[in-house]
Amino acid sequence: MAYKLYNAPQSTCSQRVRFVFNAKGLPFDEVKLNLLEGDQLKPDYLKLNPNGVVPTLDHDGAIVIDSTVITEYLDEVEPEDSFTPEDPVARARMRTLMHYIDEMPAGAVRVPTFNLAFLPSFQKMSRDAFVAMAESKPLRREFMLTMGQTGFPKAEMDGALARLRRSYERIDAEIEKSGGPWLLGKEISLADVAVMPALVRMHDLGMPDWQDLPRVVTWFDNIRAHPAYKPTYYHGSLLSERFPHLKERASA
Ligand SMILES: N[C@@H](CCC(=O)N[C@@H](CS)C(=O)NCC(=O)O)C(=O)O
């Protein structure tokens, strides 16, 4: 059973998969792609993942893409230390939350990420090079062109931050409903793993806008204390560790 994970240290979607591997104590080979240099858009990689994004899992030659699909796949083929409830109703609830998370915080977090962390790199490019790079992206072409080389406008940024805030409130409500400490109750599930990187990212960007929600504060402390957290967020996995201009933003 050999696992090869094509991913990127700071990629939020990759962090979900690394967390599950680490929590299960499964060895995996990591192929690190440089997303700003366009490794994810090279023809050989596009054959594996036609979306031109990370992560991609190669399991003995079987290719699985999309981070939430990969985490579910891993939990099926390596059921020990399961992240999936046995009860079908609870399982459905977990999947509902995973869909919500992809729709809301995971999508919204890209706006502050790009504006605050990646924009300076894009601003160094010529207009032609930037447009060519944006147009080569199968999934994110329009996203990149909307951002342009001046960044997302304030209304877009405000909208993303509002969607993130509503997501924290939803997490709070879910924990209250389940009794916590995790989203579905006593056991950590793939829904917790799915939402983790968005909160870690906003904390890293110095905008942890959930300090008035004690259940979310505790959830965040708990996930950072999980044994899989440190190996997942090895040095270089936080944007503030890669982009010196973010250092002063990041809180301790
Ligand atoms: N739905 C996909 C989204 C993957 C995704 O957006 N990956 C980002 C990094 S977190 C990426 O590879 N971006 C490269 C690009 O935009 O060119 C998943 O969950 O795997």
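**Loops, a ligand shell and a helix crossing**

Biologist: P55 lies in the loop between helix 2 (43-48) and strand 3 (56-59). What is the omega of the peptide bond that joins V54 and P55?

Modeller: Happy to start there! This is a predicted model, in which local features need pLDDT of at least 70, side-chain atom pairs count only at pLDDT 80 or more, and totals for chains, interfaces and linings use all residues. Residues are numbered from 1 along each chain as its sequence is written. Helices (H or I, at least four residues) and strands (E, at least two) are DSSP runs, numbered from the N terminus. V54 and P55 are joined by a cis bond, and omega is about 5°.

Biologist: Which residues come nearest to the ligand, and which elements give two or more residues to its shell?

Modeller: The ligand has 14 residues around it, and S11, C13, V53, S67 and R140 come nearest (near: C-beta atom, placed from the backbone, within 6 Å). The elements that give two or more residues to this shell are helix 1 (12-24) and helix 3 (67-77).

Biologist: How do the axes of helix 9 and helix 11 cross, and which residues make the contact?

Modeller: The two axes (lines fitted to C-alpha atoms over the stretch in contact, with angles from 0 to 180 degrees between N-to-C directions) come within 8 Å and cross at roughly 85°. Helix 9 (154-178) is therefore roughly perpendicular to helix 11 (65 to 115 degrees; under 35 is roughly parallel, over 145 roughly antiparallel, the rest oblique). The contact (C-beta atoms, placed from the backbone, within 7 Å) is made on helix 11 (214-225) by R215, V216 and W219, and on helix 9 by Y168, I171, D172, I175 and E176.

Biologist: Is D60 buried or exposed?

Modeller: D60 sits in the loop between strand 3 and strand 4 (62-65). This residue is not a glycine, yet its phi is positive, about 50°. There are 8 other C-beta atoms within 10 Å, so D60 counts as exposed (12 or fewer such atoms; 20 or more is buried, in between partly exposed, with C-beta atoms placed from the backbone).

Biologist: How many other C-beta atoms lie within 10 Å of D66?

Modeller: D66 is another non-glycine with a positive phi, of about 85°. The loop between strand 4 and helix 3 holds D66. D66 is partly exposed because the number of other C-beta atoms within 10 Å is 18.

Technical notes: Contact = placed C-beta atoms within 7 Å.
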